[in-house]
Amino acid sequence: MKEKITTKATDLFLNLGFKSVTMDDIANEMGISKKTIYTHFKNKTELVDDVMSSLFEEISCGIDEIRESDKNPIEELYEIKRLVLEHLKDEKSSPQYQLQKYYPQVFTKLKHLHYNKMQNCMIQNLQKGIVQGLYRPNLNIEFIARIYFVGVNGLKDDAIFPINLFPRVILMEDFLEYHLRGITTKEGLSTLNQFIKTHQTNEV
């Protein structure tokens with residue numbers, strides 16, 4: 001039952017927002033009593049923490065699978081982007097903002113986990129790209145990995161990138177292309193252009 005509650009809460013939180021969804025809403029959606037939820041979670045903060053920890057673990061496992069597959073580093077980044085957006089449901093309700101405002105401890109914990117995961121992922125991606133001749137050999141890997149993390153998180157700021165003007169799918173796609181065009185070699189740019197031509201998203 002605990003796993004079912006987490007699954008339903010994840011869906012509601014990401015679609016409607018952490019603040020908007022109450023324990024009553026979750027209970028009603030599941031056809032159970034609120035008391036049943038409190039049997040597994042002592043309060044909403046604990047439920048939010050469990051939801052985000054489970055979601056992070058699921059995405060992390062998916063990223064590891066992509067990294068272990070035989071993809072070039074450019075395609076690897078596009079696959080990771082697709083996976084993350086798929087799990088976060090394009091962040092229609094700006095959950096990042098609500099999580100930071102109403103559940104700061106959970107947000108801080110998640111940001112730390114996110115940073116460590118992305119830093120490790122990006123460093124290995126950059127190293128692989130350099131070895132394969134797709135990324136420029138003189139890149140400052142530590143700097144690029146960190147600036148990418150800052151950029152990805154900056155895209156989630158609704159004050160700068162309101163969802164009605166910048167749909168998350170298109171925004172992430174534009175940012176990833178911007179990032180790659182700045183670090184690719186001539187061969188890498190050719191690979192990127194070919195990938196974009198054959199895999200252009202039709203999502204809005």
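## A contact in a loop

A polar contact is a pair of N or O atoms within 3.5 Å; within protein, one must be able to donate a hydrogen and the other to accept it, and residues adjacent in sequence count only if both atoms are side-chain atoms. Here, the side chains of Asn-138 and Arg-136 are joined by such a contact of 3.2 Å. Asn-138 sits in the loop between H7 and H8; helices are DSSP runs (H or I, at least four residues) numbered from the N terminus. With 59% relative accessibility, Asn-138 counts as exposed (buried means under 20% relative accessible area, exposed over 50%, partly exposed in between, with a 1.4 Å probe and protein chains only). Its C-alpha atom is separated by 48 Å from that of Val-21, 117 residues apart along the chain.

## About the model

This is a predicted model, in which local features need pLDDT of at least 70 and side-chain atom pairs count only at pLDDT 80 or more, while totals for chains, interfaces and linings use all residues. Residues are numbered from 1 along each chain as its sequence is written, and side-chain values use heavy atoms, leaving out hydrogens and water.

## The nonpolar core

Let's turn to the inside. A nonpolar core is a set of buried Ala, Val, Leu, Ile, Met, Phe, Trp, Tyr and Cys residues joined through side-chain atoms within 4.5 Å. The largest one has 30 residues, and those with the most contacts inside it are Phe-13, Ile-26, Leu-47, Val-48, Met-52 and Leu-99. At least two residues of this core come from each of helix H1 (2-16), helix H2 (23-30), helix H4 (44-68), helix H5 (73-88) and H7. H4 gives the largest share, nine residues.

## Pairs of rings

The structure holds five aromatic pairs. Rings of Phe, Tyr and Trp (its six-membered ring) pair if their centres lie within 6.5 Å; planes under 30 degrees apart count as stacked, over 60 as edge-to-face and the rest as tilted. One of the pairs is Phe-13 with Phe-18: their centres are 5.1 Å apart and their planes at 35 degrees, so this pair is tilted. Phe-13 is buried at 0% relative accessibility, and Phe-18 is buried at 1%.

Another pair is formed by Tyr-115 and Phe-149, with centres 5.1 Å apart and planes at 80 degrees, so it is edge-to-face. This pair links distant parts of the chain, as Tyr-115 lies in helix H7 (residues 104-131) and Phe-149 in helix H8, 34 residues apart. Tyr-115 is partly exposed at 24% relative accessibility, whereas Phe-149 is buried at 8%.
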